[in-house]
Amino acid sequence: MAKDNLPSTPALLALRAAKVAFEPRLYKYVEKGGTSASAAALGVDEHCVIKTIVLETAAKQPLICLQHGDRQISTKQLARVLGEKAVSPCDPAVAQRHTGYLVGGTSPFGTRKPLPVYVERTILALPTIYINGGARGLLVSLAPHVLTDVLGAVPVDVAQSG
């Protein structure tokens, strides 16, 4: 996809409205390829590609957790941090209802309704991150502080090796 073919997504509109400096990074989407496929396509370290995971509490309250592409979220640890009994990934259809995005194209920016956002603390120390721009095959590179400045993301320590 050429830059002229850049999709107009709620995420890009939200980033522009917040006057965030970002660079769109288009790549050929691979079904179930995850962050390893996007990192390889863009020639970047998978650790700097951030996945947006939509989860819910036992009471079905949705939330977003941002994690390094090469790590997994410890849902038990996240539940402890949040003071919840349990936290689990949302069904893809439920995640789409909460965010307005298809799985594989979920961005924490421009979600259908505001959701609480948690970010793995070490992501904030990276020089640049690559995060979904609201469409399959579209990442945006930006400074990690945008996650706390624009989304109010709360730093947490919930990573486990993937």
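Visitor: Where is Lys60 found?
Guide: Lys60 sits in the loop between β2 and β3 (62-68). Helices (H or I, at least four residues) and strands (E, at least two) are DSSP runs, numbered from the N terminus. This is a predicted model, where local features need pLDDT of at least 70, side-chain atom pairs count only at pLDDT 80 or more, and totals for chains, interfaces and linings use all residues. Residues are numbered from 1 along each chain as its sequence is written, and side-chain values use heavy atoms, with hydrogens and water left out.

Visitor: Thanks! Is Lys60 buried or exposed?
Guide: Lys60 counts as exposed because its relative accessibility is 54%. The cut-offs are under 20% relative accessible area for buried, over 50% for exposed and partly exposed in between (1.4 Å probe, protein chains only).

Visitor: And what about the phi of Lys60?
Guide: Lys60 has a positive phi of about 65°, although it is not a glycine. Most residues other than glycine have a negative phi.

Visitor: Which residue with a positive phi follows α1?
Guide: That's Lys19, with a phi near 55°. Lys19 lies in the loop between α1 and β1 (23-26), and at 74% relative accessibility Lys19 counts as exposed.

Visitor: Let's go to α1, then. Which residues of α1 are buried?
Guide: In helix α1 (residues 10-17) they are Ala11, Leu12 and Leu15. They cover an arc of only 95° around the axis, so they lie on the same side of α1. That arc is taken from the directions from the helix axis to the C-beta atoms.

Visitor: What do the buried residues of α1 pack against?
Guide: They pack against β7 (129-135), β8 (138-142) and α5 (145-151). Contact here means heavy atoms within 4.5 Å.

Visitor: New topic: where is Thr52, and what does Thr52 touch?
Guide: Thr52 is in strand β2 (residues 49-57) and is buried, with a relative accessible area of 12%. Not counting residues up to four places away in sequence, Thr52 touches Ile64, Cys65, Leu66, Thr106, Ser107, Pro108 and Ile131.

Visitor: Zooming out, how many helices and strands are there?
Guide: The protein has five helices and ten strands. Of its 162 residues, 46% count as buried.

Visitor: How does the radius of gyration look for 162 residues?
Guide: The protein has 15 Å, which agrees with the value near 15 Å for a compact globule of 162 residues. The radius is taken over C-alpha atoms, and the globule rule is 2.2 Å times the number of residues to the power 0.38.
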